[in-house]
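Trainee: I am new to this structure. Could you show me how to read a strand and then some salt bridges?

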Amino acid sequence: MTTKRSAMTSVPSTAAKKARHWSLGLLDSMKDPNSIVKKTERVVVIKDKYPKAKIHYLVLPHEDISSIYKLDKSHIRLLEEFGSVYKELNESAEVELKAGFHAVPSMQRLHMHIISRDMISPCLKTKAHWNSFTTKFFRPYEDVLQELKKDGLVKKMPPEIHKNFMAAPIKCNQCSYEPKNMPNLKEHLLSHTKK
DNA sequence: GTTCTAGAAC
DNA sequence: GTTCTAGAAC
């Protein structure tokens, strides 16, 4: 299939503006009809552009909130809507999905991951990818909500702790296997889907 | 967040 | 010699 995209986007311009920083990319994805799964008055659900499992969605608020660390008690309703969206998607999925936030997100605009546990995807490539979903670097939705309700904010963990999680040896999320490297892990994960 | 790739690990 | 990881990106 051919595309007209290149002709439409490669507009040479002497007044070309500097490209938007990569960390703002989610703002574009939120507007992309091909990415959008569901949209409500307060939130939008999109498919992750580089999914790390067979099912991988992101829930984002329309409101300009950069991360969980900007939340206060006024956002509890908003976060509860994240939960409703999660519940809905989880019930319609054929497998159990988990919901949570990265302790140190790379992308701006608050986003909650909703992801299946298989972790089978060509986009899963690095130890950091793996550990960001399978260690405490991944902060479960329910925990974040409870902390916000209790303390009125979500506390950051010390950077050394986060570094330790990311540097931790890779371990299977479905059994006790400890792969030697990422290709080894990816091969191993396939065995958990066979019947 | 991804891409690229040097050099470590095997 | 090949595979794999990890750091730079102006």
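Trainee: How is strand E5 (residues 112-116) placed, enclosed or open?

Mentor: Start with the terms. Buried means under 20% relative accessible area, exposed over 50%, partly exposed in between (1.4 Å probe, protein chains only). Helices (H or I, at least four residues) and strands (E, at least two) are DSSP runs, numbered from the N terminus. Five of the five residues of E5 are buried, so the strand is largely enclosed by the rest of the structure. This is a predicted model: local features need pLDDT of at least 70, side-chain atom pairs count only at pLDDT 80 or more, and totals for chains, interfaces and linings use all residues. Side-chain values use heavy atoms, without hydrogens and water, and residues are numbered from 1 along each chain as its sequence is written.

Trainee: Which residues lie on each side of E5?

Mentor: In a regular strand, side chains alternate between the two faces of the sheet. Here Met112, Ile114 and Ser116 are buried on one side, and His113 and Ile115 on the other.

Trainee: Which strands have bridges to E5?

Mentor: Two strands pair if DSSP finds at least two bridges between them. E3 (residues 56-61) runs antiparallel to E5, joined by four bridges. Tyr57 stands opposite Ile114. E4 (residues 97-102) is also antiparallel to E5, with four bridges. There, Gly100 partners His113.

Trainee: How many salt bridges does the structure hold?

Mentor: A salt bridge puts a side-chain nitrogen of Lys or Arg within 4 Å of a carboxyl oxygen of Asp or Glu. The structure holds eight. One of them joins Asp64 and Arg109, with closest N and O atoms 3.5 Å apart. The two residues are 45 apart in the chain. Asp64 is exposed at 66%, while Arg109 is buried at 10%.

How values were computed. Chains lettered and ligands numbered in written order.
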